Amino acid sequence: MRNLVNLSRVSKEYAARTILEDVTLGIADGERIGIVGQNGNGKSTLLALIAGSEQPDQGQVVHTGTLTIGRLGQGDDLDGTVEQALGGFSHEWAADAEFRDVLDGLLGGTDRTIRTETLSGGERRRIALAKVLLTKPELLLLDEPTNHLDVQGISWLAAHLKRRKGAMAIITHDRWFLDEVTTHTWEVAERTVHQYEGGYAAYVLARAERERQSAALEAKRQQLLRKELAWLRRGPPARTSKPKFRIEAANTLIEDEPEPRNTTELLSFARQRIGNTVLEAEDLSFRLLKHITWRIGPGDRFALVGVNGSGKTTLLALLAGALEPTGGKLKTGKTVKLAMLSQHSAELAPDRNVLESLADVKQISTLADGTQITAGKLAERFGFRGERLRTKVADLSGGERRRLALMRLLMGEPNVLLLDEPTNDLDIDTLTALEDLLDGWGGTLIVVSHDRYFIERVTDNVYALTPGGGIRHVPGGVDQYLSELTAPVGAASKAAKTRTPGAGGRERAARKELARLEREVEKAAEREAALHEQMAAVSSDHEKLAELTAELNAAVAERQELEERWLAGSEALEA
């Protein structure tokens, strides 16, 4: 098998900091490589060196022959209409099954004549991904391709890449996606690249073995890896397949490792701390949501799934008391201490550093097992070490702010946690640390997430919002939810062949309108996020804060109205 790209003794520095040093590796034809590592360790830099858009300070990067490379970066260079951005729609392309699959899978009913500069960030991202896939390069380089995709879209992309010929290297924190798609794993750490055979599960085993033999690495890190490995081996009932790796070596590593969490023990703890009543929604209604009846008890760990715009965030806000229902009632237990992580995180004072932000909540917290942990130790556990502890909030990246908001919630010692997309911008090590804390946390947990691995790892039951605005239990988890979707991704073109011309035209028009509304919802959500950022920056200016709050309320109302129109159109299309 010939190598398409060879890196020989490559080094790269930025601002006097060595990112990669003396790295030698290659990508062979047909290899599917997942690239993992902590944020800031150089994953994107490595991809840029492979693509040739960055040059090494030392060493060389050699491409074989007339190698064609397709690269999805973290930004995009789209221009013109959607059709122009994708290179036009020739008759030859229209007859290509793969071309139609990509358009249906990523763009659905998107109006191809609309200009890309009017689209939301999520819509532009999907178009950029479609553009790269349609070039059919010999080597595909993807940096966080699952961003802005829902559970259904991620499932489609995994299936598409598994069918695709050629080599690929993918940066992603989505562990389910890594195991589905990749056959090799590269870990970027300590200025070098560690190479492993197999996907994510095999990588966890090999890394645990490597770190078991290294006395220089802390025992706690090895324990977290063993716990992760133990979960991968056992797996919850919802998983339909077990990862394939050397069973004997895995059993040796985890033979004394207990279950990730003792559900009976935590349930007992929850009943003592919370009581029998936690949250009881009866016939609850608000805009998109209709007649929701949902009992959430002590120690329950639920995931909430649904298509984009179906009202998941709205339901969390209702449960948290941030919104008043227009119908029905919500009963909250007297001993409930609830905390909610929004998609845009809690407002943080920009002039405080990381350690001060945590100490503002509490200096020392007590975990479920009675262990006490200081603000500094918790920060280290979540990747804030050395100078990063003293970094001002205003100078943190989006992912670091996300981590800080999560830590502040946990230090407040709530007994009910509502988490809206908690895995956004978190690297795998941080996700593992969060999962470890949640394993020993004896409260009630409700999670909205597109990360299937995280859902399976920290929750015990999945609930789905229905097209009519109701809620139902999905005992088979995300796999069952995806299989039962009435309008699976890519089905539109097949269904259109069986309809009359008039019905097909009306359906296309309806899907275009739904796609337009979805873009508007995403743009409204982005405006809300920008307003949250502005409010955090002027937290001491009460006059400006009041002005921004009014703008935020208007933006929220606009998004909710758009969501309601989207749901009504979706229901009409499925009828």
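In strand 17 (residues 416-420), Val 416 is the bridge partner of Leu 338. Strand 14 and strand 17 run parallel and are joined by four bridges; two strands are taken to pair if DSSP finds at least two bridges between them. Strands (E, at least two residues) and helices (H or I, at least four) are DSSP runs, numbered from the N terminus. The structure is a predicted model, in which local features need pLDDT of at least 70 and side-chain atom pairs count only at pLDDT 80 or more, whereas totals for chains, interfaces and linings use all residues. Residues are numbered from 1 along each chain as its sequence is written, and side-chain values use heavy atoms, with hydrogens and water left out.

Contact here means heavy atoms within 4.5 Å.

Strand 18 (residues 444-448) pairs with strand 17 in the parallel sense over five bridges, with Val 416 opposite Thr 444. Parallel pairing also joins strand 18 to strand 12 (residues 301-305), over four bridges, and Leu 304 stands opposite Val 448. Five of the five residues of strand 18 are buried, the term denoting under 20% relative accessible area, with exposed over 50% and partly exposed in between (1.4 Å probe, protein chains only). Both faces of this strand are covered, with Thr 444, Ile 446 and Val 448 on one side and Leu 445 and Val 447 on the other.

A further open sheet consists of three strands with antiparallel pairing, in the order 11-10-13. Strand 11 (289-296) and strand 13 (327-332) stand at its edges with a single partner strand each, so one side of each has no neighbour in the sheet. The twist averages 15 degrees from one strand to the next. Strand 10 (residues 279-286) and strand 11 run antiparallel and are joined by five bridges; Leu 289 in strand 11 is the bridge partner of Phe 286.

Helix 12 (residues 312-320) lies across strands 10, 11 and 13, running at about 55 degrees to strand 11. This helix is largely enclosed by the rest of the structure, because seven of its nine residues are buried. The buried residues of helix 12 are Lys 312, Thr 314, Leu 315, Leu 316, Ala 317, Leu 318 and Leu 319. Gly 321, which follows helix 12, has a positive phi near 85 degrees.

Two individual sites were also examined. Val 188, in strand 8 (residues 184-189), is buried with a relative accessible area of 1%. The C-alpha atoms of Val 188 and Gly 40 are separated by 9.7 Å, although the two residues are 148 residues apart along the chain. Not counting residues up to four places away in sequence, the contacts of Val 188 include Leu 20, Ile 35, Val 36, Gly 37, Gln 38 and Leu 46. Arg 164 is found in the loop between helix 6 (151-163) and strand 7 (167-171) and is buried, with a relative accessible area of 7%.

Cavities were defined on a 1 Å grid over the protein atoms alone as sets of points where a 1.4 Å probe fits but cannot get out, with lining residues having an atom within 4 Å of a point. Grid points are joined across faces, edges and corners, and a volume is the space filled by probe spheres set on the points. Two cavities of 30 Å³ or more were counted. The largest cavity has a volume of about 70 Å³, and its lining includes Asp 150, Val 305, Lys 312, His 450 and Tyr 481. This lining divides into five nonpolar, four polar and two charged residues; Ala, Val, Leu, Ile, Met, Phe, Trp, Tyr, Cys and Pro count as nonpolar, Asp, Glu, Lys and Arg as charged, and the others, Gly among them, as polar. The second largest cavity has a volume of about 40 Å³ and is lined by Val 36, Gly 37, Gln 38, Glu 187, Tyr 203, Arg 207, Ile 428 and Asp 429. Helix 8 (200-212) and helix 16 (428-439) each supply at least two residues of that lining.

Methods:
Axes are lines fitted to C-alpha atoms, for helices over the stretch in contact, and angles run from 0 to 180 degrees between N-to-C directions. On a 1 Å grid over the protein atoms alone, a cavity is a set of points where a 1.4 Å probe fits but cannot get out, and a pocket is an open set with protein on both sides within 12 Å along at least five of seven lines; lining residues have an atom within 4 Å of a point.
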